[in-house]
Amino acid sequence: MSSDFEAYEQDFGTLTAEITNKIGRIPKLGGEEKTQLVLNVDKQLEEVRELMEQMDLEVREIPIQSRGMYQSRLKSYKGEMEKLEKDFKRSRIAYSDEVRNELLGEDAGSSESQRAHLLDNTEKLERSSRRLEAGYQIAVETEQVGQEILANLHSDREKIQRSRERLRETDANLGKSSRILTGMLRR
């Protein structure tokens, strides 16, 4: 199983190197060649996503003793994949800006700063959304734990009430026994 994972790692390394090279070339090309390169990179990114899914399945089948090491490697690959997707997105935005500027004849200086500002705001919004989602998950889990605790407390209360009732009955029986014994001693 780990040999399959290592083969996937090699494929991942090869594909990401090719993608990185192509992403760097996108802004330098023009016309149909650039369009074809964008489509090619998009296709290769899809292949990398499928490869990551295969790697994830392989990690799940690895024995627990060595799974942690593979999970950390997979996590770093996922981070690298996210970085590649961001770089590709930025190169595509640059590409679409160039096409728009060619068609409209606008100056790219102001739109470049606007685009950078927009990308920063988009990333902040995505991070905030992830934090909110994580907070919501924690709140749901906390609510479930609270419900379980309340159920346990209710059960414990019933047990304590039953024990208290038995103790009262035993005390009453002891009182009767004591009176009987006292009466027998007097006779």
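These legends walk through several close-up views of a predicted model.

The numbering counts residues from 1 along each chain as its sequence is written. Because the model is predicted, local features need pLDDT of at least 70 and side-chain atom pairs count only at pLDDT 80 or more, while totals for chains, interfaces and linings use all residues, and side-chain values use heavy atoms, with hydrogens and water left out.

View 1. Start here to get your bearings: the protein has four helices and zero strands, and its elements run α-α-α-α from the N terminus on. Helices (H or I, at least four residues) and strands (E, at least two) are DSSP runs, numbered from the N terminus. Of the 187 residues in the protein, buried ones make up 20%. Here, buried means under 20% relative accessible area, exposed means over 50%, and partly exposed lies in between (1.4 Å probe, protein chains only).

**View 2. Helix H2 covers residues 31-61.** This helix has 31 residues. From its first C-alpha to its last, H2 reaches 46 Å, close to the 45 Å expected at 1.5 Å a residue; the expected span is 1.5 Å times one less than the number of residues. Look along H2 for its buried residues, among them Leu37, Val41, Leu45, Val48 and Met52. Lys34, Gln44 and Glu58 are also included in the buried set of H2.

**View 3. Glu46, Arg49 and Glu85 are linked in a network of salt bridges.** A salt bridge is a side-chain nitrogen of Lys or Arg within 4 Å of a carboxyl oxygen of Asp or Glu. Side chains of opposite charge can pair when their charged atoms come close. Glu46 pairs with Arg49, their closest N and O atoms being 2.9 Å apart. Both of these residues lie in helix H2, three residues apart, about one turn of the helix. Arg49 also meets the side chain of Glu85 in a salt bridge (2.9 Å, N to O). That pair links distant parts of the chain, with Glu85 in helix H3 and Arg49 in helix H2, 36 residues apart. Glu46 is partly exposed at 37% relative accessibility, Arg49 is partly exposed at 29%, and Glu85 is partly exposed at 27%.

**View 4. A salt bridge joins Glu123 and Arg90.** Their side chains meet at 2.6 Å, N to O. Glu123 lies in helix H4 and Arg90 in helix H3, so the pair ties together parts that are 33 residues apart in sequence. Glu123 is buried, with a relative accessible area of 19%, whereas Arg90 is partly exposed at 33%. The structure holds seven salt bridges.

**View 5. Lys and Arg side chains form a positive surface patch.** Its members are Lys86, Lys89, Lys124, Arg127, Arg130 and Arg131. Helix H3 (64-104) and helix H4 (108-186) are the elements that give two or more residues to this patch, and H4 gives the most, with four. Patch residues have over 30% relative accessible area and no salt bridge, and like charges are joined within 9 Å. Arg131 lies in helix H4 and is exposed, with a relative accessible area of 60%.

Note on methods:
Patches are made of residues with over 30% relative accessible area and no salt bridge: like charges are joined within 9 Å, nonpolar side chains (Val, Leu, Ile, Met, Phe, Trp, Tyr) within 5 Å. Accessible areas come from the Shrake-Rupley method with a 1.4 Å probe; for residues, only the protein chains shown count as cover. Lys and Arg count as positive and Asp and Glu as negative; His and the chain ends are not counted. The place of a charge is taken as NZ of Lys, CZ of Arg, CG of Asp or CD of Glu.
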